[in-house]
Amino acid sequence: MTVDARRTVYIRPDQPVGGSGSGYLIGSRLVLTALHVVHDDGVRATGATVWVGHPRTGTAVHKRSATVLWPGLDADPDTPGVPDVALLRLDQDADAGFTTAVRWGRPKGGTPLAYSGIGIPAFSTRTDGAAQYENLRGELAPLTTAGRRWVLDCGIWPAAAQQKEHPWAGASGAAIFTTTSGHLVGVTVEYGTGMGERRLTAEPVHRLLDDPGFTALLAEHAFPGTRHIADDVTAPVGEGTGVVWPRQFGTVPELATAYQHRDAVDQLATALAAGDTTIQADPTTTAPGDAAAVVTGLGGVGKTQLAVHHIQQVRHASGLPVPNGNVPASATHAVPAVDLLLWITASDAATITAAYAQAAQELGKAGIPVAIGDDVEQVAQGFLTWLQNTHQRWLIVLDDVPNAGTLRELWPPVTPTGRTLITTRNRDAALTEGRRQISVGLFTPDEAVHYLHRRLAGTGIDPSDAELRELADDFGHLPLALAQAASYIRENALTLEEYRTELAEVPLDEALPGIEGLPDRQSHTVTAAWTVSIDHANTLTPAGLARPLLDVLALLDPNNTPADITAATALQEHLQQTRDAEAGTSGRAVSEREVKRALRILHRLHLTDITTDHTLRTHQLLQRTLRETRAPAEINQLGTIAADALLETWPEQEAPVSRHYRAATTVLATHTVLRDPAGDGLRALLFRAGTTLGEAGQAAAARDHYQRLYTTARRLLGPDHSDTLNTHNNLANWRGEAGDPTGAAEALVELLTDSLRIFGPDHPQIFTIRNNLAAWRGKVGDLTGSAAAYAELLTDCLRVLGPDHPDTLATRNNLADGRGKAGDLTGATEAFAELLTDRLRILGPDHPGTLTTRNNLAAWRGKAGDPTGATEAFAELLTDRLRILGPDHPHTLITRNNLAHWRGKAGDPTGAADTYAELLADSLRILGPDHPHTLTTRYQWAVITGENGNPAGAVSSLQKLVEDEVRIYGSRDHTEVLSTLTELERWQVILEGEGNT
């Protein structure tokens, strides 16, 4: 047999003996170890806790209790002549199904023998206290001067920082096997005092077979077939001094200039170290797993550099030289040494196969029989078989694997002594599932600043952190781009201001070095870094869709484009036309399912990220690269498709996702001219973005949006175009909503003058402007003038449009409302009752206009002194709105709010509070926390809380509401904020009054 990792034992003796040690299972309940593990300083432990197994072998780790079975209490390992060996007996079987008997050996001859064993030395223990197995290996020299013990030359040894008084503590008790013959020849007992930490000593086991007590216990407790004699073992031809470890194949790239340490470095070390973790605080949580670590990320984020950093640490730990003697900073975990390191640039299967075969041939030349034959593929498979069976520790790096298919039949095996590190841009489940995945992202702002400071040192410029942050923002914190930008700045002796100006004025590839000027031996420009991934994405099923989809995404928000645009027929038709044009044939229609699959391809290749909130993120430099490959006419055509896709899928009701549609629209407008080909005006998308922005409670932002749109419309369309006038109208309204009702009224007077000149007095647009002007006169405080303006407008509507026209009915609604606000409550109620009769006749009972009139009539009945009647009317209206609109429609939520309000006014504050609480929960879910309706409900719920006898609760709720309103509306002077502050002051006075009674 050979050393079996599943039979390795980790031992923690009971107090007062401390520390830990290693052991090996030689019977179902019998453990071989060193005596001093359980007997130290003349004290024998009463027992020990042990863990049998190794999670990397795919089997469970079993926790057991153990007692010392041999030797007796009078045996002390510090006494000369007493073998430092012990047998422990477990309280129950290890339950692993082991039956193979050990073969004892006695090293002979003059040639060193290769040995191996598994122990748990303290120097490899992780910082969290969990132990790690170490594959002990090297050469055992039978002709030594160490007296009665064998000398073990070590292929690994503790790092200098960890060479403490007992650097090999914990390895004691590890069973030592000859690598070729598989004989158990000794038990590790101490490090080679006087010979340095590169040597250990082992207690020979063949002498123990002369002890009757030892052999009697073997006969009773060892696995069946265990003999009581030792075979002579000599080194076979080819083994011994001809085998030199460690060995490296493949050239490891250099670490970049001013390399920036990142958290992912420690994550990688942790992931690979976890492959050897066997003992945890709770061993039941230790799961076997593949030791492969898969490093994924967008091209240019530094995946290869992360791997290089780790490999340089491995080289140092293994005794291999590192460039300039500079050892990379240590990670959280001690990086283990290896015997074999293989670095492969894994661009395709042929390259990987050739690298495997070359390694096999080189090992064969050194006397290590790996594989023979002239067929490269057979030799490569022989190398993988050797990896699966060897006790040497190995690490294989497969850099820049394009896809899982590349590694078909070429995956390195899963073994206790092997590890695999893969870097890839591909998130295919076949690559990552069951393996530890480290996703490498962009530089953080602090990392970017730190890197740029170091990279630009010595250039004569001394930029501030703020300037470097701006430069990092320009490049989206992409490490590859920042490295090349810094190189370009150094080469051309530019200041940051000069460079950022150039970056804004010229194409990206002109503001970065060409292929001949790339730093750190880089082989790809930023533009080329994504080309391979994009080309590959476009070949995957459904073929021909990934690239045109990415072209559209390049015009939208890089951070939060809504993923729902995949449902747009405009996008589907564009993808079909592009695919057909490239194929030269007319194919079947592209479905939404295919668009989603193309999107998943982009996600898998890190060209686009699909976030947990179902939005899309595409790096801004990738977007710029794609845009700069298109002519202006192509950009505008793609902009038309993007605009149609946004407008088609924009939710009818305001929802949290609506803000992503607005963000995407804003970015789209910066890259394209959003003209409507049909009417040669502005696209409806722009109006939708501004209006919904205001309806979401951001009146100032809506005002600013329409101000920019008005400027654009005047420039593109002229002052008299209908879209310019509509934009002016919307600008005036949102100016008023943002807190300037006087300015709104003045702007509408100006607009009315221009519109009368262009359209004449009876044009529908004139009626709209007059309606809005009347409304803002009322909000300025001229309630009488507002009502008179509505009355004049109604006369003209009746004359031009007739009594049943929707605009006539709307004007009657506004006139009735104006009469009520002017103080004629009874007149308002009667007017709404008459209007309801006509709307029922003209529109029917379920029309939105009819339902709105019922809402207004109920409200004015309450204001006129009939809160009970208002409550009943709102209850009936709610029933109909639930039936017609459903529970989540904003008008249904408004009706629930009104019902709660009048229920409180009608003498049921408790019922009102319950209704508000339920409404608030639904508003948060449907509209989000920042929607005006949600804020209104919070306001009214706070008020009713105070009216129900809890002024402290009202104060607390209103204080939080003020904070949120200031954040949302941008000022404490906003009308909504002022209203909340007034109510807060009222309840603070009430609360203070209670405190003084």
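Let's start with strand β23, residues 418-424, where both faces are covered. On one side sit Gly 418, Thr 420, Ile 422 and Thr 424, and on the other Arg 419, Leu 421 and Thr 423; all are buried. Counted as a strand, β23 has 7 of its 7 residues buried. Keep in mind that this is a predicted model.

What does β23 pair with? Strand β22, residues 394-401, is joined to β23 by 6 bridges. The two run parallel.

His 614 has a phi of about 65°, and His 614 is not a glycine either. This residue sits in the loop between β26 and β27. His 614 counts as partly exposed, because its relative accessibility is 43%, and the cut-offs for that class are 20% and 50%.

That loop takes us to the next sheet. Three strands form an open sheet, in the order β25-β27-β26, and the pairing is antiparallel. Which strands are at the edges? β25, residues 561-562, and β26, residues 609-610, each pair on one side only. Between β26 and β27, residues 615-617, there are 2 bridges, and these strands run antiparallel. Asp 609 stands opposite Arg 617 of β27.

Most peptide bonds are trans. The bond from Gln 15 to Pro 16 is cis, with omega near 15°. Pro 16 is in the loop between β1 (8-13) and β2 (21-25). The bond from Trp 70 to Pro 71 is also cis, with omega near 0°. Pro 71 lies in the loop between β7 (62-70) and β8 (86-90).

Phe 214 lies in helix α1, residues 212-221. Its relative accessible area is 1%, so Phe 214 is buried. Where is Leu 69 relative to Phe 214? The two residues are 145 apart along the chain, and their C-alpha atoms are separated by 9.7 Å.

On to charges. How many salt bridges does a search of the whole structure find? The count is 40. I'll show three of them.

Arg 106 is partly exposed, since its relative accessible area is 25%.

Next, Glu 203 and Arg 149. Their closest N and O atoms are 3.1 Å apart. Again the pair links distant parts of the chain, 54 residues apart. Glu 203 belongs to strand β16 (residues 199-204), while Arg 149 is in the loop between β12 (134-141) and β13 (150-154). Buried or exposed? Both Glu 203 and Arg 149 are buried.

The last pair is local in sequence. Asp 796 and Arg 799 form a salt bridge at 3.5 Å, N to O. Why about one helical turn between them? Because Asp 796 and Arg 799 are 3 residues apart in helix α24, residues 783-800. Arg 799 is exposed, with a relative accessible area of 52%. This pair is also part of a network: salt bridges that share partners join Asp 762, Arg 770, Asp 796 and Arg 799.

One more stop, on the surface. Which residues gather in a patch of negative charge? They are Asp 462, Glu 467, Glu 497 and Glu 498. Glu 497 is in helix α10, residues 496-505. With a relative accessible area of 65%, Glu 497 is exposed. Patch members carry no salt bridge by the criterion used, so Glu 497 has none under that cut-off.

To close, go back to the opening picture: β23 with both faces covered, joined to β22 by 6 bridges.

Conventions. Residues are numbered from 1 along each chain as its sequence is written. This is a predicted model: local features need pLDDT of at least 70, side-chain atom pairs count only at pLDDT 80 or more; totals for chains, interfaces and linings use all residues. Side-chain values use heavy atoms; hydrogens and water are left out. Two strands pair if DSSP finds at least two bridges between them. Helices (H or I, at least four residues) and strands (E, at least two) are DSSP runs, numbered from the N terminus. Buried means under 20% relative accessible area, exposed over 50%, partly exposed in between (1.4 Å probe, protein chains only). Patches are made of residues with over 30% relative accessible area and no salt bridge: like charges are joined within 9 Å, nonpolar side chains (Val, Leu, Ile, Met, Phe, Trp, Tyr) within 5 Å. Accessible areas come from the Shrake-Rupley method with a 1.4 Å probe; for residues, only the protein chains shown count as cover. A salt bridge is a side-chain nitrogen of Lys or Arg within 4 Å of a carboxyl oxygen of Asp or Glu. Lys and Arg count as positive and Asp and Glu as negative; His and the chain ends are not counted. The place of a charge is taken as NZ of Lys, CZ of Arg, CG of Asp or CD of Glu.
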